[in-house]
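Dear colleague,

I am handing over the structure we spoke of, and I would be grateful if you could look through it alongside the notes below.

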Amino acid sequence: MATSTGVDNRKLFMWLFLASECLFFGSLIAAYLLYRGQHGVPCMDGDLSTCVFPTDRTINGVEYEGIFDIPFTSVSAFVLLMSSVSMVLALAAIQRGNVRAMRIWLFTTAALGALFVGGQAFEFTEFYREGLTLETNLFGTTFYVLTGFHGAHVTIGVLVLFSLLIWSSRGKIQAKDSLNIELAGLYWHFVDIVWIVIFTLIYLIQP
Amino acid sequence: MLAIITAVEVALYYLDLSRNALVGLLLALSALKFALVVLWFMHLRFDNRLFSTLFVGGIVLAIGIFTVALSTVGGKLV
């Protein structure tokens, strides 16, 4: 599709969208880093002097520093990285005209993504059992909002991949339609790189 | 390659390194993984420069927000 920019409009839109997503996740990560380690108490009637942010790291009296399960999250990070590899293989397959291989790799990517989301649901459940909820403190609020939005992005990606699978099963995706897979791949890889940043800044570099 | 870098990151987490060394190494390895995925998996290395400009613009703005927010409120990265 010829355009005045010389690039496909759909691809241009996807990159613009991803650039805006950088700002979105950048804001959430900045908020998390600002508030982590702080046990905030809500302000009373807008009186700032009542906003107390002591630096203790407790959740209902329990230290939260050890709440992250690094081995478990490392496996989750590995799963998401491998899903990016299978996405690359899906795109390579359709560009060669091999629809069957593309379906296999798309399914693999979607399954790995679903596994990642399942792991996150398990992690959230464990944290809730420990007493860390959205309302517990500022750490809980910013942590759940950041990782929850990332999980929502992965979930949307999984739904898109399954939609593509259904579409291809009806014969609507051939080699000439490889841009559809490429766009889904760009979104999927972006979700992966956001997790690369979250995994390092939130899980490995703790206060 | 990406899996190996992730394994190294996790190994570093468990090593008894100084905080500055740990943070420096983890940030460097994370940036390397980020660059590998963006340049090769997302084809930014081979694609139209307009896409690179857009994406790098987004990242620069995001880092700008990040820096302003942290410095305004007195937050710290580590």
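This is a predicted model: local features need pLDDT of at least 70, side-chain atom pairs count only at pLDDT 80 or more; totals for chains, interfaces and linings use all residues.

Over all chains, the count comes to 22 aromatic pairs. One of them joins Phe24(A) and Phe149(A), whose ring centres lie 5.1 Å apart with the planes at 90°, and since planes over 60 degrees apart count as edge-to-face, so does this pair. Because Phe24(A) belongs to helix α1 (residues 9-35) of chain A and Phe149(A) to helix α4 (residues 138-169) of chain A, the pair ties together parts that are 125 residues apart in sequence. Phe24(A) is partly exposed, at 30% relative accessibility, and Phe149(A) is likewise partly exposed, at 37%.

Another pair, that of Trp195(A) and Tyr203(A), is tilted, with 5.7 Å from centre to centre and 50° between the planes; both of these residues are buried. Trp195(A) and Tyr203(A) also belong to a cluster linked by ring pairs, which includes Phe68(A), Phe116(A) and Phe199(A).

Turning to the largest pocket, its space comes to about 600 Å³, and of the 20 residues that line it, Val197(A), Leu201(A), Phe34(B), Ile59(B) and Ile63(B) are the closest to its centre. Two or more lining residues come from each of α1 and α5 (178-204) of chain A and α2 (19-41) and α3 (49-73) of chain B, and α5(A) gives the most, with six. The lining divides into 16 nonpolar residues, three polar and one charged. Because domain 1 (1-42) and domain 2 (48-78) of chain B both give residues to this lining, the largest pocket lies between them.

With kind regards

Note on methods. Residues are numbered from 1 along each chain as its sequence is written. Chains are lettered from A and ligands numbered from 1 in the order in which they are written. Side-chain values use heavy atoms; hydrogens and water are left out. Rings of Phe, Tyr and Trp (its six-membered ring) pair if their centres lie within 6.5 Å; planes under 30 degrees apart count as stacked, over 60 as edge-to-face and the rest as tilted. Helices (H or I, at least four residues) and strands (E, at least two) are DSSP runs, numbered from the N terminus. Buried means under 20% relative accessible area, exposed over 50%, partly exposed in between (1.4 Å probe, protein chains only). On a 1 Å grid over the protein atoms alone, a cavity is a set of points where a 1.4 Å probe fits but cannot get out, and a pocket is an open set with protein on both sides within 12 Å along at least five of seven lines; lining residues have an atom within 4 Å of a point. Grid points are joined across faces, edges and corners, and a volume is the space filled by probe spheres set on the points. Ala, Val, Leu, Ile, Met, Phe, Trp, Tyr, Cys and Pro count as nonpolar, Asp, Glu, Lys and Arg as charged, and the others, Gly among them, as polar. Domain bounds come from an automatic or database domain assignment.
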